[in-house]
Amino acid sequence: MSAAERHPTITPYPDGPLLVRGDVELQTADGETIPRRRRTVALCRCGLSTIKPFCDGTHKAAGFRTDD
């Protein structure tokens, strides 16, 4: 794995999730580690996903919009 792949980035997807790439550890509010199964994960920011903290695409049907 190259240094660029390990360096984490967070990219807001227009009208959608936050795309998290790189070597990061996701945790719950209680500090428990959330297992990652992929190098890139999409985190919900509309609040409607049934698999939070991950995005399930619900933002599309809900008409979620962002300013960025």
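Trainee: Which residues make up the largest nonpolar core?
Mentor: Val20, Leu26, Ile34, Val41, Leu43 and Phe54, six residues in all. A nonpolar core here is a set of buried Ala, Val, Leu, Ile, Met, Phe, Trp, Tyr and Cys residues joined through side-chain atoms within 4.5 Å. Buried means under 20% relative accessible area, exposed over 50%, and partly exposed in between, with a 1.4 Å probe and protein chains only.
Trainee: What should I know about the model and the numbering?
Mentor: The model is predicted: local features need pLDDT of at least 70, side-chain atom pairs count only at pLDDT 80 or more, and totals for chains, interfaces and linings use all residues. Residues are numbered from 1 along each chain as its sequence is written, and side-chain values use heavy atoms, with hydrogens and water left out.
Trainee: What is Ile34 in contact with?
Mentor: Leaving aside neighbours within four places in sequence, Ile34 contacts Leu26, Gln27, Thr28, Pro53 and Phe54. Contact means heavy atoms within 4.5 Å.
Trainee: Is the peptide bond from Lys52 to Pro53 cis or trans?
Mentor: The bond is cis, with omega near 15 degrees. Most peptide bonds are trans.
Trainee: Switching to Ser49: buried or exposed?
Mentor: Ser49 counts as buried because its relative accessibility is 5%.
Trainee: What does the side chain of Ser49 reach?
Mentor: The side chain of Ser49 reaches the backbone nitrogen of Ile51 at 3.1 Å and the backbone oxygen of Phe54 at 2.6 Å. Phe54 is also one of the core residues.

Terms used
Polar contact = N/O pair within 3.5 Å; in protein donor to acceptor, adjacent residues only side chain to side chain.
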